[in-house]
Amino acid sequence: MTFDPASYVFSQPTAPTAIRASTVLPAHRENVELRTADGHRLVGELALPESGEIKATLITLHPLPTHGGFMDSHVYRKASYRLPALAGIAVLRFNTRGTSSPRGTSQGSFEEGIGERLDVEAAVRFAVERGLPNRWLVGWSFGTELALMYGATEPVASEIEGAILLSPPLHRATDVDLKEWAASGRPLKVLVPEHDDYLQPVAAAERFSLVPHADVVGVDGAKHLWVGEKYAGRVLNEIVAEVLPGGSSALPEEWAGPVATAHT
């Protein structure tokens, strides 16, 4: 059965609620479908602020589906739970071709990052057609490869502001892709865990030196999967600071309005 984000049950606590991993804050959430140029239907969810201005849009690209990555990978799930309410940011999550989650299964099959170019294009096109502003790619692990390979060239490049990379392995993305990002001049924020399994901060700084304007940030104590509220919270703060420069230095850790609890 496809998960319906309207099924969250919100209640008003008598005191402010500490925001934890399963805390869901109010947003307008809807199941969406993306259509690729080669005819596949991709399933996803769009979370929008309940009211007020949409200040930015995150188009999220998930970790490797053959190793458990999907649209509900925990950092992206927490982004959709929190950022519409806390920062006025829209969060688009979707399963790339052949990937399954509680939302459903996207058509097609895993294509090692090649056919997924059309998935990235479909997601960006959807955000443009919905009129979502200040669009940023956010890639995690395998998703960083997609962002690097396809974000700096058309038809995507002119429709996004830049990209934020979480735990880039740089397995599929090449120096050619990095040079295209350098030539594009678009912002590139790179968050690299100190104890990453694939690319650690010193090596990352060397590889990304091909993009002189890239902001490479090593995160002490973190691992590839950003497990733990401390590290997930750090990622969300870094994302917000990049897409909304000049805003608050840190997201609130409590919420005084209605809340729901996610059951995973």
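## Strand 11 and its neighbours

Strand 10 (residues 162-166) pairs with strand 11 in the parallel sense, over four bridges. The model is a predicted one. Ile164 has Lys189 of strand 11 as its bridge partner. Strand 11 is also joined to strand 12 (residues 215-219), by five bridges, and these two strands run parallel. Here Lys189 stands opposite Asp215 of strand 12.

## Crossovers

Two helices connect these strands. Strand 10, helix 4 (residues 175-184) and strand 11 form a β-α-β unit that is right-handed. From strand 11 the chain passes through helix 5 (residues 201-207) to reach strand 12, again as a right-handed β-α-β crossover.

## Burial of strand 11

Strand 11 spans residues 188-193, and six of its six residues are buried, leaving the strand mostly covered. In a regular strand, side chains alternate between the two faces of the sheet. On one side of strand 11 are Leu188, Val190 and Val192, on the other Lys189, Leu191 and Pro193, and both faces are covered.

## Helix 3

Is helix 3 enclosed by the rest of the structure or open to the outside? Nine of its nine residues are buried, so helix 3 is largely enclosed. The buried residues are Phe142, Gly143, Thr144, Glu145, Leu146, Ala147, Leu148, Met149 and Tyr150. They pack against several elements: strand 5 (56-61), strand 9 (135-140), strand 10 and strand 11, together with helix 2 and helix 4.

## Packing of helix 2 on helix 3

Helix 2 (residues 116-129) packs against helix 3 (residues 142-150) at an angle of about 80°, and the axes are 10 Å apart. Angles of 65 to 115 degrees count as roughly perpendicular, so helix 2 is roughly perpendicular to helix 3. Helix 2 contributes Glu116, Arg117 and Val120 to the contact, and helix 3 contributes Phe142, Leu146 and Tyr150. By class, four of the contact residues are nonpolar, none is polar and two are charged.

## Ala241

Ala241 belongs to helix 6 (residues 229-243). What is the relative accessible area of Ala241? The value is 42%, which makes Ala241 partly exposed, as this class lies between the 20% limit for buried and the 50% limit for exposed. Ala241 and Gly69 are separated by 172 residues in sequence, and their C-alpha atoms are 25 Å apart in space.

Definitions and conventions: Residues are numbered from 1 along each chain as its sequence is written. This is a predicted model: local features need pLDDT of at least 70, side-chain atom pairs count only at pLDDT 80 or more; totals for chains, interfaces and linings use all residues. Side-chain values use heavy atoms; hydrogens and water are left out. Axes are lines fitted to C-alpha atoms, for helices over the stretch in contact, and angles run from 0 to 180 degrees between N-to-C directions. Angles under 35 degrees count as roughly parallel, over 145 as roughly antiparallel, 65 to 115 as roughly perpendicular and the rest as oblique. Contact means heavy atoms within 4.5 Å. Ala, Val, Leu, Ile, Met, Phe, Trp, Tyr, Cys and Pro count as nonpolar, Asp, Glu, Lys and Arg as charged, and the others, Gly among them, as polar. Buried means under 20% relative accessible area, exposed over 50%, partly exposed in between (1.4 Å probe, protein chains only). Two strands pair if DSSP finds at least two bridges between them. A crossover is right-handed if, with the strands pointing away from the viewer, the path from the first strand over the helix to the second runs clockwise.
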